[in-house]
Amino acid sequence: MKRTAPEGNTSVAPWVVTDDTGALLDFVTAAFDGEEIGRVPVEDGTIGHGEIRVGDTVVLAFDRRPDWPVMPSLLRVYVPDADAAVAAAVRHGAQVVTPVSDSAWGDRGGRVRDPFGNIWWVTSRVEDIDPELAWKRMSEPKYAESMRVAQETLDSALSGRETGVSSAPLRPGG
């Protein structure tokens with residue numbers, strides 16, 4: 001496959017629009033070991049463009065204009081240690097949405113809502129799992145409960161309902 005993105009960038013890059021991009025860049029640096037690439041203030045005092053590298057991905061950001069809608073982002077970040085990264089995010093102002101747990105497909109992770117309203121899936125790969133084994137594991141109580149909690153907590157966080165909704169995954173073609 002021919003590379004289309006410039007060196008150091010991925011083919012798809014997330015944009016995050018906040019009311020305080022400078023604080024977002026600081027949060028990502030502290031919580032997820034991000035490396036700030038650039039911060040471009042503009043004459044009205046806002047940040048017109050910001051970039052931060054997290055692992056192999058550049059996250060782009062800029063400040064929201066007052067008449068634009070609030071647009072929280074949903075982002076997944078792979079980190080070496082999900083428990084430590086969630087704890088760091090909480091220390092820097094995030095709130096836990098979904099407690100850290102193990103998934104049937106070999107990840108360990110949870111979700112946090114950062115101080116700007118964005119929800120981050122904070123994930124570590126702990127084992128490589130064959131898809132057949134992952135589907136088998138989905139029927140085990142530990143993994144079924146983890147999936148139920150993940151769905152309900154996300155639904156609650158996004159809908160504003162006290163109790164979220166969940167629905168067991170169905171195997172494609174099965």
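This is a predicted model: local features need pLDDT of at least 70, side-chain atom pairs count only at pLDDT 80 or more; totals for chains, interfaces and linings use all residues.
What sense does the pairing of E5 with E8 have? The two strands run parallel, joined over five bridges, with E8 covering residues 119-125. Zoom out and you'll find an open sheet of four strands, ordered E5-E8-E7-E6, with mixed pairing. Strand E5 (74-78) and strand E6 (95-102) are at the edges and have a single partner strand each, so one side of each goes without a neighbour in the sheet. On average, neighbouring strands here are turned by 15° against each other, if you ignore direction.

Now for the helix. H4, residues 141-159, packs on this sheet and touches E5, E6, E7 (107-113) and E8. The direction of H4 makes about 165° with that of E6. Does the length of H4 agree with the count of its residues, or disagree? At 1.5 Å a residue, its 19 residues should span 27 Å, and the end C-alpha atoms of H4 are 26 Å apart, so the two agree.

Which residues of H4 are buried? They are Tyr143, Ser146, Met147, Ala150, Glu152, Thr153, Leu154 and Ser156. As for what covers them, the list includes strands E6, E7 and E8, along with helix H3 (131-137).

Follow the chain just past the end of H4 and you reach Gly160, which takes a positive phi of about 85°.

Note on methods: Residues are numbered from 1 along each chain as its sequence is written. Side-chain values use heavy atoms; hydrogens and water are left out. Two strands pair if DSSP finds at least two bridges between them. Axes are lines fitted to C-alpha atoms, for helices over the stretch in contact, and angles run from 0 to 180 degrees between N-to-C directions. Contact means heavy atoms within 4.5 Å. The expected span of a helix is 1.5 Å times one less than its number of residues. Buried means under 20% relative accessible area, exposed over 50%, partly exposed in between (1.4 Å probe, protein chains only).
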